[in-house]
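The sequence and coordinates come first.

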Amino acid sequence: MVESGPEATGSSYVLDAVSAEGVDSVFGIIGEGNAHLIDSLNESDLTFKQARHEQAAVSMADGHARTRHGVAVCTLTHGPGLTNGATGIAAADRDNVPIVVLVGDTGIAGRETSLQYLDHPAFSKPISTYQTRIETAETIPEVLSRAFDRARTRSGPVIVEVPTDVQEAPAPEATYTPVPRPRQRIAPDADRLDEAVELLAEADHPVVLAGGGAMRSNAGDALAGFAEKVGAPIATTYFGRGVLSESHPFVSGISGTFMSSANDELLWDADVAVVVGARLSGKTTRYGELYADADVIQIDTNEESIATHQLPAVGMVADARRAVEALTDRIKANPDRATAVEETIAEAPFPWDDGFEQRPDEIDPGEFTVELSERVPDDAIVTVDSGNNTGFPAVFHDIGEDGTMLVNGNFGTMGYSLPAALGAQATAPEKTVVCYTGDGALLQVIQEIETGVRLGLPVIVAILNDRSYGIIRHRQNMIYERETASTYDSADFVQIAEGFGAEGAVVRSPEDLDVVEEFLASDPEVPLVLDARTIPEVSRPGFPPY
């Protein structure tokens with residue numbers, strides 16, 4: 001509950017309301033439009049974490065929201081502040097990440113004559129789940145309450161325009177009371193359950209596909225119980241990695257573009273696919289090849305996600321955990337099939353069994369990823385960027401118990417992984433955070449290394465440096481048999497890192513990664529930047545297609 005005091009302003013009321021909603025940090029960049037709001041942070045309980053670019057500020061909030069499993073708050077200034085942040089907002093929108101973005105603006109009276117005027121709600125409509133503006137201080141409680149409700153229930157970014165005269169006005173007299181929002185776990189419909197159980201009773205090769213919705217529902221244990229009883233492998237989307245430890249005997253690895261060898265044996269013959277919190281996108285289904293002949297049982301809390309890419313035999317709007325537990329209670333056990341699936345997964349070759357390419361002064365990106373994975377804790381938070389680098393952590397970095405992988409897989413935003421890693425590290429300082437990025441992606445947000453130094457965030461930044469926009473380079477060679485504008489000389493990333501005050505090391509062999517263990521043992525307070533000079537000709541697993 002927030003009550004206004006005699007000296008309270010609109011800004012202080014907004015920040016107290018944010019705190020009352022359970023938020024402890026605000027990410028962003030100061031500008032003319034939100035300077036008063038940010039000044040009021042001095043009297044609030046909130047911590048301000050400033051980035052060096054608005055896209056990065058939003059992606060830091062993105063990493064924070066995914067790590068804390070709740071709403072994050074970011075503030076940007078008007079006009080260019082919002083347009084710079086738009087890519088981060090669009091990325092969060094595609095991945096259903098709840099962020100309330102407070103956009104400062106010039107006063108209402110002079111809004112349309114301002115040098116940096118922009119109709120922020122209209123601009124943001126295609127890239128956010130809800131857009132609004134606070135017209136008077138008295139409406140702050142109602143607008144903010146609605147904004148947080150939309151961010152939570154629609155699970156996406158919400159844009160709230162806060163003009164400077166509203167920020168500076170006396171706080172409203174109305175008390176701000178957060179609306180209790182206990183998590184509603186939607187029960188599955190009984191008829192849909194009957195249909196699903198009937199399909200599973202006739203199945204010879206059932207499989208489970210777990211996505212980000214299964215992660216958000218904390219459905220890992222329920223999936224394990226279901227898989228062990230019915231005898232089905234648990235494949236995951238990229239977003240679903242970490243729903244269970246990948247050492248679990250029924251976890252068969254990633255599905256689709258970056259398919260594991262176990263899934264290559266288990267998924268093609270699937271006759272029933274239980275799809276839990278996943279959309280059956282192109283990358284997950286090898287662009288419609290996988291599960292094409294299977295009866296799909298699709299479970300999702302969002303009705304709009306059902307049948308987005310493939311018409312299911314049974315569509316079930318329900319909480320992932322409740323639905324899977326209900327199915328498990330009603331299906332018959334098939335111990336023989338369970339044993340066969342478990343043996344297939346255990347006997348499947350590892351992707352590195354055939355070895356890696358060797359070359360003096362360069363390292364195979366797959367070998368680099370395997371070696372780095374072995375040197376960091378099993379419960380590390382791993383963030384992944386877009387480009388050729390994406391496939392290597394997908395295939396070669398093992399996610400253990402309580403580990404997490406954050407990836408912007410639905411918008412392909414270059415420059416996502418470093419700020420997302422910083423946001424995750426700020427949220428979970430006890431965890432090791434590993435950021436995988438390409439040299440091209442890092443160069444778009446490289447200033448955020450300074451943010452990591454300034455905020456004391458010891459992220460491990462792993463650069464798969466192939467001196468090119470790698471995925472474009474490989475496609476050019478495949479399609480045009482030549483390269484244009486996709487290659488360049490490498491920057492000296494170690495020198496840049498050290499110039500910002502971070503640590504840095506060049507990696508050209510597995511032995512060079514011993515620096516990681518030394519770094520983690522030193523109780524670090526700044527990032528470690530690893531410049532892995534990778535073999536440029538090695539394309540990511542599963543290439544082509546995208």
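Tyr480 is found in the loop between α20 (470-479) and α21; helices (H or I, at least four residues) and strands (E, at least two) are DSSP runs, numbered from the N terminus. The model is predicted: local features need pLDDT of at least 70, side-chain atom pairs count only at pLDDT 80 or more, and totals for chains, interfaces and linings use all residues. Residues are numbered from 1 along each chain as its sequence is written, and side-chain values use heavy atoms, with hydrogens and water left out.

Tyr480 counts as exposed because its relative accessibility is 56%; buried means under 20% relative accessible area, exposed over 50%, and partly exposed in between (1.4 Å probe, protein chains only). Together with Met478 and Ile479, Tyr480 forms a nonpolar patch on the surface with about 330 Å² of accessible area.

Ser155 sits in the loop between α6 (140-154) and β6 (157-163). With a relative accessible area of 19%, Ser155 is buried. Neighbours within four places in sequence aside, Ser155 is in contact (heavy atoms within 4.5 Å) with Asn96, Val97, Pro98 and Arg150.

Axes here are lines fitted to C-alpha atoms, for helices over the stretch in contact, and angles run from 0 to 180 degrees between N-to-C directions.

Another open sheet also has 6 strands, in the order β14-β13-β15-β16-β18-β17, and the pairing is parallel. Its edges are β14 (404-407) and β17 (503-507); each has a single partner strand, so one side of each lacks a neighbour in the sheet. The twist averages 20° from one strand to the next.

| Strand pair | Bridges |
|---|---|
| β1 (residues 25-28) and β3 (residues 72-76) | 3 bridges |
| β13 (residues 381-384) and β15 (residues 433-438) | 4 bridges |

Within these pairs, Phe27 has Cys74 in β3 as its bridge partner, and Ile381 has Val433 in β15.

Helix α21 (residues 493-500) lies across β16 (460-465), β17 and β18 (528-533), and runs at about 170° to β17.

Conventions
Pairing = 2+ DSSP bridges. Patch = residues over 30% accessible without salt bridge, like charges linked within 9 Å, V, L, I, M, F, W, Y side chains within 5 Å. Areas by Shrake-Rupley, 256 points an atom, 1.4 Å probe, with all protein chains shown as cover. Salt bridge = Lys/Arg side-chain N within 4 Å of Asp/Glu carboxyl O.
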